[in-house]
Amino acid sequence: MTRDSQLPREPDGSEEEPQPRGTLQTTGPGLLAGIFLAGIVLGRLVRPVSIELDGTAPRVGWLAVLALFLVAAILAYVAWSTYRTLHREHELLEPSHAVNRLVLAKSCAIVGALLAGGYFGYALSWLGEASELAGERMSRSLLAGVASVLIVAGSLALERACRVRSGPPR
């Protein structure tokens with residue numbers, strides 16, 4: 001390949017470049033389930049690996065749990081606001097804003113599924129332990145897992161709120 005072949009072609013009218021026809025699919029349940037299962041495996045491994053390396057298992061703090069619930073609430077509000085703007089008031093969003101919201105929704109759905117699996121897996125690693133610290137770690141992990149599931153739900157709602165009908169604009 002020469003350097004000339006890497007340069008963009010000048011439009012001379014002889015060749016018409018085809019218009020890109022891309023479609024963007026919603027985040028599928030298979031992808032989220034796979035990421036969730038990977039998170040369970042990783043979360044289940046956190047306790048034995050951290051005990052082997054450091055001698056203690058990590059604690060799940062209330063700040064992390066509350067932060068996850070806050071992110072879920074923000075995503076739910078943005079989904080509601082986007083749905084209201086596009087589908088009830090029939091207004092348009094700036095293209096960059098619509099793309100930003102869609103990217104936010106897709107990335108938060110994936111990260112939320114991974115976090116949910118991780119926290120639920122960490123809670124599973126404490127099953128059968130009969131100590132106060134085990135109960136604390138399990139309950140906080142379960143709450144963080146629920147918050148992460150709410151993040152996924154809010155993300156999917158935002159993703160669907162960004163949908164517009166195809167066809168000629170009104």
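Visitor: Why is His90 called partly exposed?

Guide: This is a predicted model, and in it His90 has a relative accessible area of 48%. Buried means under 20% and exposed means over 50%, so a value of 48% falls in between and His90 is called partly exposed. His90 sits in the loop between H3 and H4. Its phi is near 55°, a positive value in a residue other than glycine. Most residues other than glycine have a negative phi.

Visitor: What makes Ser125 buried?

Guide: Ser125 has a relative accessible area of 4%, and the limit for buried is under 20%, so Ser125 is buried. Ser125 is placed in the loop between H4 and H5. Leaving aside residues up to four places away in sequence, Ser125 touches Arg44 and Arg47.

Visitor: What makes the contact between the side chains of Arg59 and Glu136 a salt bridge?

Guide: The N to O distance is 2.5 Å. A salt bridge needs a side-chain nitrogen of Lys or Arg within 4 Å of a carboxyl oxygen of Asp or Glu, so the pair of Arg59 and Glu136 qualifies. Arg59, Glu136 and Arg140 are linked in a network of salt bridges. Arg59 has a relative accessible area of 53%, and exposed means over 50%, so Arg59 is exposed.

Visitor: Why do Lys106 and Glu159 count as a salt bridge at 3.9 Å?

Guide: The limit is within 4 Å, so an N to O distance of 3.9 Å between the side chains of Lys106 and Glu159 meets it. Lys106 is in helix H4 and Glu159 in helix H5, so the pair ties together parts that are 53 residues apart in sequence. The side chain of Glu159 also meets that of Arg160 in a salt bridge, at 3.8 Å, N to O. Across the whole structure, a search finds 6 salt bridges.

Visitor: Which labels do Lys106, Glu159 and Arg160 get for accessibility?

Guide: Glu159 counts as buried at 2% relative accessibility. Lys106 is partly exposed, with a relative accessible area of 22%. Arg160 counts as partly exposed at 37%.

Visitor: What makes a set of residues a nonpolar core?

Guide: Members are buried nonpolar residues joined through side-chain atoms within 4.5 Å. The largest nonpolar core has 22 residues, of which Leu68, Trp126, Ile151 and Leu158 touch the most other members. The elements that give two or more residues to this core are helix H3, helix H4 and H5. Apart from it lies another core, of 6 residues, including Ala109 and Val152. In soluble globular proteins, nonpolar side chains tend to be buried together.

Visitor: Why can Val49 belong to a nonpolar surface patch?

Guide: Patch residues need over 30% relative accessible area, and Val49 is partly exposed at 44%, so Val49 passes that cut-off. Val49 is found in helix H2. The patch is about 570 Å² and is made by Val41, Leu42, Leu45, Val49, Leu53 and Leu114. Helix H2 gives the most to it, with 5 residues.

Visitor: Which residues does Leu143 touch?

Guide: Not counting residues up to four places away in sequence, Leu143 touches Trp62, Val65 and Phe69. Leu143 lies in helix H5.

Technical notes
Residues numbered from 1 in each chain as written. Predicted model: local features only at pLDDT ≥ 70, side-chain atom pairs only at ≥ 80, totals over all residues. Heavy atoms only, no water. Patch = residues over 30% accessible without salt bridge, like charges linked within 9 Å, V, L, I, M, F, W, Y side chains within 5 Å. Areas by Shrake-Rupley, 256 points an atom, 1.4 Å probe, with all protein chains shown as cover. Helix = DSSP H or I, 4+ residues; strand = E, 2+ residues; numbered from the N terminus. Buried < 20%, exposed > 50% of the residue type's maximum accessible area, 1.4 Å probe, protein only. Contact = heavy atoms within 4.5 Å.
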